[in-house]
Amino acid sequence: MTQPAAGAGTPAPGTPGASRPEPGTEPGSALTSVPGAASAVEDAAPGTEPGRRISGQVWAALAIVYVVWGSTYLGIRVVVETMPPFLSAGARFVTAGLVLAAIVAWRQGPSALRATRAQLVSAAVVGLLLLLGGNGLVVLAETAVPSGLAALLVAVVPAWVVVLRRASGERPGLGAYGGVLLGLAGLAVLTLPGLSGDVRLWGVLTVVAATVMWSVGSFSSSRIPMPGNPFAASAYEMVAGGIGCLLVGLGRGEQQGFVLAEVSGRSWTALAYLVVFGSLIAFTAYAWLLHSAPLSLVATYAYVNPVVAVLLGALVLGERLTWPIAVGGAVVVAGVCLIVSTERRR
C-alpha cells in the first residue's frame with residue numbers, strides 16, 4: 001500500500017547510528033510499525049540536541065516525508081490511469097529494490113548485502129505482506145476509489161498494530177485502546193461512500209484488507225530473523241514484493257490488451273516519481289529522521305500524510321470531499337493521534 005510507499009518494515013534494533021530505543025519504539029509498537037522505518041545508510045549527525053531547537057535539516061526531512069509520502073496516493077492514482085495496477089506496482093518495487101541494493105553495495109560494500117537463507121526467506125515473506133498484500137492492494141483499489149479516501153483508510157494501520165500486539169500477549173495502554181475504537185469508528189464512517197454507492201464498495205474493502213496485510217507484515221518483521229543491514233533487508237523486501245506483484249498481474253491477465261505505447265506521459269512521470277521520490281528519497285529522509293529527531297515529532301507523519309493526500313486529490317484530480325470522508329477522516333486521524341501520544345509516554 002502506499003502510506004506504505006517506502007516499502008520497508010520496522011526498524012531493527014542496533015542499526016547504524018541508533019542508540020537504545022526510546023520508550024514506545026520497541027519492536028512491534030504502534031510507532032515503529034509504520035511504513036518505511038529503518039536506519040540510515042550511513043551515520044548522520046543528530047539533527048537535534050537536548051535543550052536545543054530543532055534544526056533546519058530535520059524540518060527539511062520532515063517536509064519531504066510529509067509531502068512526498070502524502071503525494072504517493074496521488075501518484076498511484078495517475079499511474080493506474082493507463083497502466084495495469086499490479087504490473088505497474090511490480091515494476092516500481094523491483095526497480096526501487098535493485099537501485100537501493102546497488103546504493104548499499106556502493107556505499108557500504110557488497111558484504112552489507114549478505115544474509116542467511118532464513119533471513120532471505122523472512123525478508124521475502126515480509127516483502128510479500130507489505131508490498132503485494134499492502135501496497136499492491138492499494139494500487140488495485142485506487143482504480144475504483146479516490147486517492148484521498150484510500151489515504152484516510154490506510155491511516156488506520158496503527159490501530160490494527162495495537163490489536164495485533166494485544167493478540168500476541170502485550171498490554172498496550174488504555175489510550176491505545178481508545179485510539180483503536182476511534183480508528184475503527186472512523187473506518188466505519190469512511191466505508192459509507194461505498195455502502196451508498198458513491199464509490200465502489202469492493203475498492204473500499206480492498207484498502208481495508210491492505211491495511212491488515214501491511215500491519216501483519218510490519219508487526220512480524222521484528223519477530224523473525226531479518227538481514228542485519230536494514231537497508232539491505234528493505235531492498236530484498238522490495239524485490240520480493242515487486243516480483244510477487246508482477247506474478248499476480250500476469251496471473252490476472254493484466255498483460256492482455258496492454259500496449260506499452262498507449263501509456264500516457266503523465267503515467268510514466270508518476271511511476272518515475274514513485275520510484276525515485278516515494279521509494280528512495282522519502283525513505284532515506286524518514287530513515288535519517290528516526291535517529292536524528294524526537295520520535296514523537298517523526299511520528300506525526302502518520303496523521304499528516306492523509307491530510308496531504310486528501311488536499312492533493314482535491315486540488316489536482318478534483319476529487320470530491322464528501323461529509324463521510326471529512327468526518328471519518330477526522331475521527332481516524334484523532335485515533336492515530338491518541339495512539340501515538342500514548343505510545344510516546346510509555
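In this predicted model, R252 forms a salt bridge with E254 (a side-chain nitrogen of Lys or Arg within 4 Å of a carboxyl oxygen of Asp or Glu). The closest N and O atoms of R252 and E254 are 2.4 Å apart. R252 is partly exposed, at 47% relative accessible area. E254 is buried, at 10%. Here, buried means under 20% relative accessible area, exposed means over 50%, and partly exposed lies in between, with a 1.4 Å probe and protein chains only. Elsewhere, salt bridges that share partners join R165, E170 and R223 into one network.

R165 is buried, with a relative accessibility of 1%. E170 is partly exposed, at 22%. R223, which also belongs to the network, has a further contact. The charged end of R223 sits over the ring of F219, 3.9 Å from the ring centre. A charge sits over a ring if NZ of Lys or CZ of Arg is within 6 Å of the ring centre and within 35 degrees of the ring normal.

How many salt bridges does a search of the whole structure find? The search finds four. One of them is the pair of E81 and R266, whose closest N and O atoms are 2.7 Å apart. This pair links distant parts of the chain, 185 residues apart. E81 lies in the loop between α1 (56-79) and α2 (85-108), while R266 lies in helix α10 (residues 265-290). Both residues are partly exposed: E81 has a relative accessibility of 41%, and R266 has a relative accessible area of 45%.

The model was handled with set limits: local features need pLDDT of at least 70, side-chain atom pairs count only at pLDDT 80 or more, and totals for chains, interfaces and linings use all residues. Residues are numbered from 1 along each chain as its sequence is written, and side-chain values use heavy atoms, with hydrogens and water left out.

The fold can be described by its elements. The protein chain has 13 helices and zero strands. Helices (H or I, at least four residues) and strands (E, at least two) are DSSP runs, numbered from the N terminus. Of the 346 residues of the chain, 57% count as buried.

Helix α2 has 24 residues. From its first C-alpha to its last, α2 reaches 34 Å. This is close to the 34 Å expected at 1.5 Å a residue, where the expected span is 1.5 Å times one less than the number of residues. Just after α2, G109 takes a positive phi of about 95°. The charged end of R107 sits over the ring of W106, 5.3 Å from the ring centre.

Y273 and F277 both lie in α10, four residues apart, about one turn of the helix. An α-helix has 3.6 residues a turn, so residues three or four places apart point the same way. Y273 is partly exposed, at 27% relative accessible area. F277 is also partly exposed, at 35% relative accessibility. Y273 and R92 are 181 residues apart in sequence, yet 9.7 Å apart in space, C-alpha to C-alpha.

V161 is buried, at 0% relative accessibility. V161 and S218 are 57 residues apart in sequence and 8.2 Å apart in space, C-alpha to C-alpha.

On the surface, L192, L195, W323 and V327 form a nonpolar patch. Together these residues have about 410 Å² of accessible area, from the Shrake-Rupley method with a 1.4 Å probe, where for residues only the protein chains shown count as cover. Patches are made of residues with over 30% relative accessible area and no salt bridge; like charges are joined within 9 Å, and nonpolar side chains (Val, Leu, Ile, Met, Phe, Trp, Tyr) within 5 Å. α7 (192-195) and α13 (323-345) each supply at least two residues of the patch. L192, in α7, is partly exposed at 31%.
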